[in-house]
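I am opening a notebook on a structure I have not seen before.

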Amino acid sequence: TTPALGIQDITFATAHHRLDLDLLAQHLGIDPAKFSVGIGQEAMSLPAEDEDVVTMGAAAAARILADNDVEGLRTLIFATESGIDQSKAAGVHVAALLGLPAQIRVLETKQACYSGAGALQLALGVVARHPEEKVLVIASDVARYDLDSPGEPTQGAAAVAFLVQADPALLEVEPASGVHTADVPDFWRPNHRVTALVEGKFSISAYMDALEGAWEDYRAHGGAAFEEIDAFCYHQPFTMMAVKAHQRLRRHVGEPLPKAEVVEELAPTVGYNRVVGNSYTASVFLALLALLDGDADLTGRRIGIFSYGSGAVSEFFSVRVLPGYRAHLHRAEHAAQLAAREPVDVTRYRELHPGTAVSAAEQQANPRVTAGPYRFVGIEGGVRRY
Ligand code: CAA
């Protein structure tokens with residue numbers, strides 16, 4: 001019989017700074033409730049000058065390496081849509097920072113916010129073929145929109161890292177999964193830009209159409225019925241998006257609920273995303289982590305997970321929470337790093353914002369700011385140094 005495949009351990013890291021959205025609302029002269037209630041966001045994480053997707057990803061992954069037996073780790077997949085180089089995978093920097101042996105394959109995956117969930121599926125394929133091997137997946141992003149644009153309050157930054165293996169301790173990933181791809185121009189980032197372009201309202205409807213498509217494919221491939229799923233975790237570009245999506249799915253399966261009740265149903269999954277902001281590839285895993293870190297005992301429960309990456313590729317799949325999972329959580333570290341973020345005011349936030357265009361810097365010396373375990377020193381002769 002095939003062993004269970006899944007996630008042995010998972011954790012997140014975020015950036016050094018925090019901007020409270022009430023300050024942004026005040027600056028923009030709008031009602032703060034538009035952010036706190038309308039889109040469901042309280043704050044966003046912002047990287048310091050000496051942080052990026054590599055430093056956040058390495059910080060999360062270091063915790064996984066410290067707490068697990070990584071004998072058999074031969075693959076590292078780094079998922080991101082805010083990559084730092086068009087050629088070299090960010091995971092190669094991470095492998096060096098973590099001191100991983102040279103006997104490892106490293107690659108980067110990209111398809112907007114979907115590529116973290118996509119990397120999980122690829123990792124499961126590796127482990128299915130070689131059950132003695134393990135795969136480290138890192139999903140790390142800095143979500144940036146232009147200043148004074150509608151997307152501005154939905155920026156954020158975080159990385160998740162998780163270890164995929166046979167006979168996992170935390171979560172079994174069930175074999176059934178549903179996928180859906182549609183070529184839609186809802187959100188994208190051309191090569192010359194640091195910030196994303198987005199058709200906001202269209203992106204919301206594209207997300208919900210994709211949800212229905214992926215759900216139907218999940219069901220057609222042997223996925224559990226709606227009532228057999230105990231909790232739902234959605235990609236959260238802003239937390240109210242999850243509410244809109246779950247309302248749509250409930251209507252789709254003939255189990256509609258009023259908005260207030262859906263807000264309550266999803267409340268255990270939004271705590272981290274509400275204060276971190278959009279973390280693109282990491283976001284759906286932050287939803288999962290908020291649920292796992294919460295007070296409810298989820299032993300034996302099935303969790304439905306929906307990942308959406310604009311453009312658009314999406315997947316609906318499910319996991320089972322394994323007995324004894326609580327011993328593997330990093331609840332205290334998660335709370336501590338969120339609390340440790342240094343608040344900034346709007347003036348400082350705007351100084352830290354890189355603007356729209358990609359900088360062509362060949363030399364750059366970053367100030368020492370982050371208190372995290374790794375830092376981005378700067379660029380020397382075009383080469384990034386950590
Ligand atoms: N009190 C309470 N609620 C208020 C309010 C107030 N004072 N003022 C406004 N609201 C409500 C509005 O009624 C609205 O609610 P509904 O969605 O239920 O109608 C909500 O707050 C947002 O208000 P607007 O629709 O006026 O907001 P906006 O047009 O300025 O911007 C947005 C919203 C389009 C989502 C924008 O934030 C955006 O472009 N975000 C980036 C794109 C995005 O996240 N898309 C999500 C799907 S794509 C995806 O998932 C991939 C990804 O990661 C990007």
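Which elements do the buried residues of helix 4 pack against? I note at the outset that this is a predicted model. I looked up helix 4, residues 90-97, and found that Ala90, Gly91, His93, Val94 and Ala95 are buried there. Those buried residues pack against helix 3, strand 4, strand 5, strand 6 and strand 17 (383-385). I also checked what follows the helix. Just after helix 4, Gly99 takes a positive phi of about 70 degrees.

I found nine of them in an open sheet, in the order 5-4-6-7-1-8-13-12-11. The pairing is mixed. Strand 5 (105-109) and strand 11 (231-234) stand at the edges. Each has a single partner strand, so one side of each is left without a neighbour in the sheet.

I then picked one pair. Strand 1 (residues 5-14) and strand 7 (residues 156-166) run antiparallel and are joined by nine bridges. Leu5 has Ala166 in strand 7 as its bridge partner.

What lies across strand 1? Helix 3, residues 53-67, does. Helix 3 also lies across strand 4 (73-79), strand 6 (134-143) and strand 7. I noted its direction: about 130 degrees to strand 1.

**Entry: Glu133**

I stopped at a charged residue. Is Glu133 buried or exposed? Its relative accessibility is 7%, so Glu133 counts as buried, the cut-off being under 20%. I placed Glu133 in the loop between helix 5 (115-129) and strand 6. Then I listed its contacts, leaving out residues up to four places away in sequence. Glu133 touches Gly72, Arg74, Arg105, Val126, Val127, Val164 and Gln165. I checked one of these by distance. The C-alpha atoms of Glu133 and Val164 are separated by 8.9 Å, with the two residues 31 apart along the chain.

**Entry: strand 3 and the cavity**

I moved on to strand 3 (43-46). Both of its faces are covered. Ala43 and Ser45 are buried on one side, Met44 and Leu46 on the other. Strand 3 pairs with strand 2 (residues 17-20) in the antiparallel sense, over four bridges. Leu19 has Met44 as its bridge partner in strand 3.

How many cavities of 30 Å³ or more does a search of the whole structure find? I got one. The largest cavity holds about 110 Å³ of space. Strand 3, strand 6 and helix 12 (346-352) each supply at least two residues of its lining. Among the lining residues I wrote down Ser45, Leu46, Val142, Ala143, Tyr349 and Leu352. By class, this lining has seven nonpolar, four polar and one charged residues.

**Entry: the second largest pocket**

My last search was for open space. The second largest pocket has about 750 Å³. I counted 35 lining residues, and the closest to the pocket centre are Pro150, Gly151, Thr154, Gly200 and Phe238. Which elements give two or more residues to this lining? They are helix 2 (33-39), strand 10 (197-198), helix 6 (200-220) and helix 7 (239-252). Helix 6 gives the largest share, five residues. I sorted the lining by class as well: 19 nonpolar, nine polar and seven charged.

Definitions and conventions: Residues are numbered from 1 along each chain as its sequence is written. This is a predicted model: local features need pLDDT of at least 70, side-chain atom pairs count only at pLDDT 80 or more; totals for chains, interfaces and linings use all residues. Side-chain values use heavy atoms; hydrogens and water are left out. Two strands pair if DSSP finds at least two bridges between them. Contact means heavy atoms within 4.5 Å. Axes are lines fitted to C-alpha atoms, for helices over the stretch in contact, and angles run from 0 to 180 degrees between N-to-C directions. On a 1 Å grid over the protein atoms alone, a cavity is a set of points where a 1.4 Å probe fits but cannot get out, and a pocket is an open set with protein on both sides within 12 Å along at least five of seven lines; lining residues have an atom within 4 Å of a point. Grid points are joined across faces, edges and corners, and a volume is the space filled by probe spheres set on the points. Ala, Val, Leu, Ile, Met, Phe, Trp, Tyr, Cys and Pro count as nonpolar, Asp, Glu, Lys and Arg as charged, and the others, Gly among them, as polar. Buried means under 20% relative accessible area, exposed over 50%, partly exposed in between (1.4 Å probe, protein chains only).
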